[in-house]
Amino acid sequence: MTLPAWLTAITFNADGLIPAIAQDHKSGRILMMAWMNADALQLTVQTQTAVYFSRSRGKLWHKGESSGHTQTVHDIRLDCDADVIVLSVTQAGGIACHTGRESCFYQRLDLSGQTPEWQTVDKVLKDPAEIYHSDKSASTNAENENASATIDSNNTQAQVDKGSVLQQLDQVLAERKQADANSSYVASLYAKGLNKILEKVGEESTESIIAAKDFAHCDENKDKAAFEAARHELIYEVADVWFHTLVGLAWFDIESDAVLNELGRRFGLSGIDEKAAR
């Protein structure tokens, strides 16, 4: 299919994506940043509502599809290098962030002291649990770009026995090696090769470190919502590290039991002695 001229003028990255910044149409405040591919951008233009691309789930998502906090698009701008998009939007409900705040950029670096420190400067306008009709943090919601990568092409969450999760993952990851690259996120990783899988392991590891640092600076007594959001963010980022590491093992036809057996072997063995024996 031939792309329209306006779309071919855009410089997408190696993954076919471009960062998109959403800015409030009236105040000019930056609300959030997400990713778009060509399909997301075309749908945004056609519907005049923001449609993004979830890297973790490998699919399009309409902003507000779960929360109701949609974004009406008034203007779209492209930067001088043609590799960043800015959307001028009206934010439904006045809430763009999954933490229940107006903007995802609610932390400001305080430079007044001897050591710079991140401070939360925006209040929660609505409890995330109320927004998503769940007692879980909004970080677990499918609308969050940083949500854990799913292995289900229909994006459903089956209730599974925790003790068998790794075994079930082993089975699914093995099956995805034979699947069409367009049928699932994992299949697309296999199609792109080992380097792409390892790149994702490194990327998710970095994001888990950042999430841990963010969580370390949260004070439950000062801002409970931010504390809970940061806690769940850390859990999800670590889950992404585990998940992509398992994909890497599956590339070599190594199942999770091999790692569990190695961990089991180390019980009762001093870590100092184990390192000395290497």
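Contact, as used in these legends, means heavy atoms within 4.5 Å. The model shown is predicted.

**View 1. The largest nonpolar core of the model comprises 21 residues.** Those with the most contacts inside this core are M32, M36, Y52, I85 and L87. Two or more residues are contributed by each of β1 (18-24), β2 (30-36), α2 (38-47), β3 (51-54) and β6 (85-91). Strand β2 supplies the largest share, four residues. In general, nonpolar side chains of soluble globular proteins tend to be buried together.

**View 2. The surroundings of L87 are shown.** Leaving aside residues up to four places away in sequence, L87 touches I21, A22, Q23, M36, A50, Y52, D75 and I76.

**View 3. Helix α4 spans residues 165-176.** From the first C-alpha to the last, this twelve-residue helix reaches 16 Å, close to the 16 Å expected at 1.5 Å a residue. The buried residues of α4 are L169, D170, V172, L173 and R176. Among the elements that cover these buried residues are α5 (185-192), α7 (224-251) and α8 (256-265).

**View 4. W6, V45 and I76 make a nonpolar surface patch.** The patch has an area of about 240 Å². One of its members, V45, lies in helix α2. V45 has a relative accessible area of 37% and is therefore partly exposed, as this class lies between the limits of under 20% for buried and over 50% for exposed.

Key
Residues are numbered from 1 along each chain as its sequence is written. This is a predicted model: local features need pLDDT of at least 70, side-chain atom pairs count only at pLDDT 80 or more; totals for chains, interfaces and linings use all residues. Side-chain values use heavy atoms; hydrogens and water are left out. A nonpolar core is a set of buried Ala, Val, Leu, Ile, Met, Phe, Trp, Tyr and Cys residues joined through side-chain atoms within 4.5 Å. Buried means under 20% relative accessible area, exposed over 50%, partly exposed in between (1.4 Å probe, protein chains only). The expected span of a helix is 1.5 Å times one less than its number of residues. Patches are made of residues with over 30% relative accessible area and no salt bridge: like charges are joined within 9 Å, nonpolar side chains (Val, Leu, Ile, Met, Phe, Trp, Tyr) within 5 Å. Accessible areas come from the Shrake-Rupley method with a 1.4 Å probe; for residues, only the protein chains shown count as cover. A salt bridge is a side-chain nitrogen of Lys or Arg within 4 Å of a carboxyl oxygen of Asp or Glu.
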